[in-house]
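Hello,

Here is the structure I promised to pass on. Please have a look at it first, and then read my notes below.

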Amino acid sequence: MKIGIVCYPTFGGSGVVATELGIALGKKGHEVHFITSKQPVRLNALTNNIHFHEVFVEEYPLFHFQPYELALSSKLVAIVERYGLDILHVHYAIPHAYAAYMAKQMLKEKGIEIPIVTTLHGTDITLVGSHPFYKPAVEFSINNSDVVTAVSESLRNDTLRLFDIKKEIEVIYNFIDFDKYPSIDDVDCKRGTLAKDGERIIVHVSNFRPVKRIKDVITIFAKIQKEIPSKLLMVGDGPERESADLLAKQLGVRDQIVFLGNSNEVNKILCYADLFLLPSETESFGLAALEAMAARTPVISSNSGGLPEVNVHSVTGFTSNVGDTDDMAKNAIYILEGDIRLQEFKAKAQEFAKQFSIENVLPLYEEVYRTIKVGCC
Ligand code: GMT
C-alpha cells in the first residue's frame, strides 16, 4: 500500500511512534511518505520505499502566525495526487487531523477519494485539544476521520468523556522494536564510565515539560540517594531543565546527576539503567516507560492516565498517586536494595513489555488500512 504519514518530527512520543511505524511498514514492503515540517528525528535512513516531503511555510510580514495547516493541507493534496497514495495516517489531532480533512475535501473536488486514519496520542486530547480554543475543530476532525485510534484504553475513555464523539475509537497500543534492545548477554555496558561500583543507576527520559513533573524526579532521587548510593541520568531537554538543576543543587544531589540532553540513542543509554522514573501528571501511555522495560528496567511511575496499562503495580515496577514522592521513593528503594529482587523486577518488566512488540502491533495498523480501503468514502 502507499501510505502518507503526518506527524511532529521532534523528540515527542507521537513523532517517535509515527516514525517507527513508517519504518516498519517500509520494511514490510509498503511505500511510505512522511509529510512533515522537518525530517523526523528517528528517520535516519531514507530508502527506496521511504520518502520524506518537507512542508514549507513562507515568512510574510503580514502573518503574525505562519499558516502551517494551510501549507500542510496543500502539500497533502500535491503528494496524494503525485504518488497516488491509498491512505493518509495522521498522528496527533492538532492540527494534523484538521489539515487532512481539508486535503480530503480538496481532493474530492478532483475526483480522488483518500481515507484518513487519525491516531490520538495524548496531550492532543487531554491538555491541548479539549481547551475551548481548539475543542470544536478537534471534535470535528475526529468525527470526520474515517478511522480513529487511541494509544491506550485510558486515552480512548478520556476522548469519549471530553468530546462528543460519534465514531468508534480503536485502541492500538504504542509498540517497541525489540531488535533495538540487545539481549543481556550481548550488551557490553560499561557502567564504570558513569557510576562507581555499588552505585545504582536511575534514568529519566522526557521533553522536560511541566506535565512530566521533573521536580518530582529530582525529589524522588534525593530521597533514594539518602538510602542507596546512586546516579541519575536525565535524558532530554525542555522548559523545566533549569529548575531541575536548581532543585538538585538545593537538595545537595547535583553532583550525582548527569544531564545528557536530547538523544537518538535512548536504547543504548538504557543499558545502564537499574530503575526508570516517570512521575508524570498525566500520560496517555508512557512510551518512555515501555522503552525502559524493553531494556530490562523496572519503572516507578504515577498511576495517572494509561500508565497502569503499561507499568503493572508490583510486577514491572510500582505506580503511586501523582505527587506522592514519598511513596515513589519508598518503592524505588524496595526494588533497588537487593540484587535478587532487582533482577526479578528487571526480568518481569522485560517480559511484560513483549506483548507490545512491533510484531504484535504492526498487523493491527495494517488491518485498519486494509479495512478502511475496502469500506472507505
Ligand atoms: O509525552 C509527551 O509529552 C510527548 C507526547 C507526544 O505527543 O509526542 O507523547 C504522547 O504520546 C506518546 C506516544 O503515543 C505517549 O506514549 C505519551 O504518553 C503521550 N504523552 C502524554 O500523554 C503526556
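Let me start at the ligand, where one of its oxygen atoms is 2.8 Å from a polar backbone atom of serine 14. That is a polar contact, meaning a pair of N or O atoms within 3.5 Å (within protein, one must be able to donate a hydrogen and the other to accept it, and residues adjacent in sequence count only if both atoms are side-chain atoms). Side chains take part as well: a polar atom of arginine 209 lies 2.7 Å from a ligand oxygen, and one of glutamate 283 lies 2.8 Å from a ligand oxygen. On its own the ligand has 480 Å² of accessible area, and the protein covers 96% of that (Shrake-Rupley method, 1.4 Å probe; for residues, only the protein chains shown count as cover).

Before going on, a word on the source: this is a predicted model, in which local features need pLDDT of at least 70 and side-chain atom pairs count only at pLDDT 80 or more, while totals for chains, interfaces and linings use all residues. Residues are numbered from 1 along each chain as its sequence is written, and side-chain values use heavy atoms, with hydrogens and water left out.

Now the wider shell. There are 19 residues around the ligand, counted as near if one of their heavy atoms lies within 4 Å of it. His121, Asn174, Arg209, Lys212 and Glu283 come nearest. Both domain 1 (2-175 + 357-376) and domain 2 (178-356) supply at least three residues of the shell, with bounds from an automatic or database domain assignment. Helix α1 (residues 13-27) gives the most, three residues; helices (H or I, at least four residues) and strands (E, at least two) are DSSP runs, numbered from the N terminus.

There is also some backbone geometry to check. Tyrosine 92, in the loop between β4 (87-91) and α3, has a positive phi of about 85° although it is not a glycine. The peptide bond from isoleucine 94 to proline 95 is cis, with omega near -15°, and proline 95 lies in helix α3 (residues 93-109).

Best wishes
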